[in-house]
Amino acid sequence: MNPGSPSPRAASAVGHAATLQDVAREAGVSLATASRVLNGSERKVAGPFRERVERAAEALGYTPNVSAQATARGHSPVIALLVADIADPYFGQIAAGVARGADEQGLVVTISITERDPERENRILRALRGQRPQGLILAASRADDAEGGSASAELEAFERYGGRVVAFGDLPGDGDAGGRTILIDNAGGAEELGRRMAALGYRAAIGIGAAEGVRTSDDRLNGFARGFASGGGAMDRIHRGDFRRESGAEAMAAALDEGVEPGTLVFGMSDVVALGAMSAIRAAGRAVGTDIAVCGFDDVSASGDVTPALTTVRVPLNEAGYQAFRAVVDDDWTQAPLPVEVVVRGSTPGLA
């Protein structure tokens, strides 16, 4: 028999999940050689031996041990993505961009959900550090007053073991953890939205945001207020909750209980929140657009599907996720522009 070909017993005689020892025996090479081929060692293996090992592994149905690969390479072929809520289309579009990059490089993306809970996030970080992913992407918005010391220490340890950290916005702690950041112009986009809404004739606005201190929400609310004021408008009150659609509906219901005059504009700090506000307006027997105008931020896919379609700020979230992936794998990475764009739709008809 050709020594480079798997034996006829290869696919059946093992009788258990194939191990690296099985592959080495089948290929007629040392265990160390088989490990270098299949577990990602940087030490080169001559072509004929590599081919024999790969053929034997395929014939036996061998699956490489990720932990062994991590030991050989210093990290595993995995990108870890932390999001606040996988049901939120904002994070779904970011995850799609990360996955696109990982597919190009033959890497795997794992997703963990933090629920914006610092303690939960720290537990996830500790668990991930032991698995040695190649990179860690933090996509969830953080509160300015969140306790970041523990997370910062975890991230520093992660980078000491050869991983790379990328965050949307600021990293936790005082910034000593290193890492790279993906910046989206939340304040600038919201400011331009405020100016455009004032130019359409709106003068009174209600804001719906997350808890005070959550950076993405604060940047968007403050930016909108500046732009709206520059055109003669005023955001008289802000109702706060979280990033869920249900929270937007609850905040809008509370505002309606206080009283909302026709011609008032509602700014939801995200499209998901704004869509929740629209449902509460309809539930109260009011009309979206012609009675109470609504605008949001992000331009998730559902924003163009509702009636009337939602005015928003378009953010290239898929591209942002892709850039986050490139920030992990490219040593000389620099962020490319992520332009934001105001999109005016039927939810904010101009006032006479």
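The axes of helix α5 (residues 89-105) and helix α12 (residues 317-329) come within 7 Å and cross at roughly 45 degrees. Axes here are lines fitted to C-alpha atoms, for helices over the stretch in contact, and angles run from 0 to 180 degrees between N-to-C directions. α5 and α12 are therefore oblique to each other; angles under 35 degrees count as roughly parallel, over 145 as roughly antiparallel, 65 to 115 as roughly perpendicular and the rest as oblique. Helices (H or I, at least four residues) and strands (E, at least two) are DSSP runs, numbered from the N terminus.

A word on the model itself: it is predicted, so local features need pLDDT of at least 70 and side-chain atom pairs count only at pLDDT 80 or more, while totals for chains, interfaces and linings use all residues. Residues are numbered from 1 along each chain as its sequence is written, and side-chain values use heavy atoms, with hydrogens and water left out.

**Two helix pairs**

α5 passes α12 in a right-handed crossing, a label given if the near helix is turned clockwise from the far one by less than a right angle, with anticlockwise being left-handed. Among the residues of α5 that meet α12 are Tyr 90, Ile 94 and Arg 100, and the α12 side includes Leu 317, Tyr 322 and Phe 325. Contact means heavy atoms within 4.5 Å. By class, this contact of α5 with α12 has 8 nonpolar, 6 polar and 4 charged residues. In that count, Ala, Val, Leu, Ile, Met, Phe, Trp, Tyr, Cys and Pro are nonpolar, Asp, Glu, Lys and Arg are charged, and the others, Gly among them, are polar.

Helix α8 (residues 186-199) packs with α9 at an angle of about 35 degrees, their axes 6 Å apart. The crossing of α8 past α9 is right-handed. Including Leu 193 and Met 197, α8 meets residues of α9 such as Phe 224 and Phe 228. The contact of α8 with α9 has 7 nonpolar, 6 polar and 5 charged residues.

**The five-stranded sheet**

An open sheet of 5 strands has the order β2-β1-β3-β4-β5, with parallel pairing; two strands pair if DSSP finds at least two bridges between them. Its edge strands are β2 (108-113) and β5 (180-182), each pairing on one side only. The twist averages 20 degrees from one strand to the next.

β1, α5 and β2 make a right-handed β-α-β unit, where right-handed means that, with the strands pointing away from the viewer, the path from the first strand over the helix to the second runs clockwise.

**The four-stranded sheet**

Here 4 strands form an open sheet in the order β7-β6-β8-β9, again with parallel pairing. β7 and β9 (293-295) stand at the edges, each with a single partner strand, so one side of each is left without a neighbour in the sheet. β6, helix α9 (residues 215-230) and β7 make a right-handed β-α-β unit.

| Strands | Bridges | Direction |
|---|---|---|
| β1 (residues 76-83) and β3 (residues 133-138) | 5 bridges | parallel |
| β1 and β2 | 6 bridges | parallel |
| β6 (residues 204-210) and β7 (residues 234-241) | 7 bridges | parallel |
| β6 and β8 (residues 265-268) | 4 bridges | parallel |
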